Amino acid sequence: MSERKIILGIESSCDDTAAAVSINNKICSNIAATQDIHREYGGVVPELASRAHQAHIVPVVHQALERSGYTLSDLDGIAYTHGPGLMGSLLVGTSFAKAMAQSLDIPLIQVHHMKAHVLAHLIDDGSPIPPFPFLCLTVSGGHTQIVQVNAPLDMTILGQTLDDAVGEAFDKAAKMMGLPYPGGPLIDQLAKDGEPVYEFPIPKIEGLDYSFSGLKTSFLYFLQKEMRNDDGFIETHKHDLAASIQQVLIDFLLQKLKRAIRETGIKHIAVAGGVSANSSLRERIKQLEKKEGCTTYIPAFEYCTDNAAMICTAGYYQLLEGDLGDIAKPPLARWSFTGS
Ligand code: KG4
Ligand code: ZN
């Protein structure tokens, strides 16, 4: 075992201000302040998000350190989300992390948000850790990817969305039904008491890629048509509508994931990102064990949505490999897996 590394992780890519402290890949504290302000606007308002990050970052970092039992002088490095994400949000975490690392004279580690979602699987919390290589279905509000993970710092995207992310599709479908933001968890809740009686065709997309914009449009047209005949349609049928849109979104995710399993022969399957909190998706992933002979890995709820524990874990592996940040580099709103 390598020497002990204590890392402070900071996440501010979207609308959660989060900080965590880890010792190697065990998490000592994991704090997040979510921003309710966006609810009334039906989506994340970038300017409000960055202002809220500014208000939250000091108390959130303070609390993460306090709960961990460590102090600033114990830290071996500061890992933070360098991208991708909303520029105004990223800038808050970036400036804070850079200033702190410089004043403490310790390594600064620039973490890729989507890689960190995948690496949440390597957090040592007692649950089984997938062996390499494994496939990870990463599903969030900004991304939808099937990733082949060969080692902590060696992963390639096998397929991804060509337009909207699946979380965005959940949120937009919810918005069409008059539900507040973020609607994904509400669709999940409503669907529990509904049946998928309305059929929406799975989009036909080449290879292992996804596309959700067409599905979103067919859901909208369907609602508009039904509402012309009965303006109470959505309210009366909200459970079945939620179950129907959820079913096709998850069918589509599973269709490509199964294809990736067949094409790569890899049977260790993980799921990551905010949408992995969806109860139906979790169930369907679990079913791959019986149906496809896979072993599946679903992270604890707190490590599914945006969190700083995953930033600590990515930071830990990067620190071991000497993959450190350059203080002069600005954050990246868009950041490919391979680019720097
Ligand atoms: O990873 P995440 O917290 O933030 C991003 O990096 O985007 O993912 C947020 C997304 C939102 O679209 C939210 O609606 C969705 O995850 N989400 C869910 C559920 N919980 C969160 N979607 C469906 N069912 C859920 N239970
Ligand atoms: Zn995320």
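His113 lies in helix α3 (residues 113–119) and Asp306 in the loop between β10 (295–297) and α10 (309–321), so the pair ties together parts 193 residues apart in sequence; helices (H or I, at least four residues) and strands (E, at least two) are DSSP runs numbered from the N terminus.

I noted that this is a predicted model, in which local features need pLDDT of at least 70 and side-chain atom pairs count only at pLDDT 80 or more, while totals for chains, interfaces and linings use all residues. Residues are numbered from 1 along each chain as its sequence is written, chains are lettered from A and ligands numbered from 1 in the order written, and side-chain values use heavy atoms, with hydrogens and water left out.

I then looked up the donor atoms: His113 (NE2), His117 (NE2) and Asp306 (OD) coordinate the zinc ion (ligand 2) at 2.0 to 2.2 Å. Donors are N, O and S atoms within 2.8 Å of the metal (3.2 Å for Na, K and Ca), and the site may look incomplete because water is not among the atoms.

Next I checked burial, where buried means under 20% relative accessible area (exposed over 50%, partly exposed in between; 1.4 Å probe, protein chains only). His113 is buried at 6%, and Asp306 is buried at 18%.

Turning to ligand 1, I found a nitrogen atom 2.9 Å from an N or O atom in the side chain of Asp188, and a polar side-chain atom of Asn278 lies 3.0 Å from a nitrogen atom of ligand 1.

Definitions and conventions:
A polar contact is a pair of N or O atoms within 3.5 Å; within protein, one must be able to donate a hydrogen and the other to accept it, and residues adjacent in sequence count only if both atoms are side-chain atoms.
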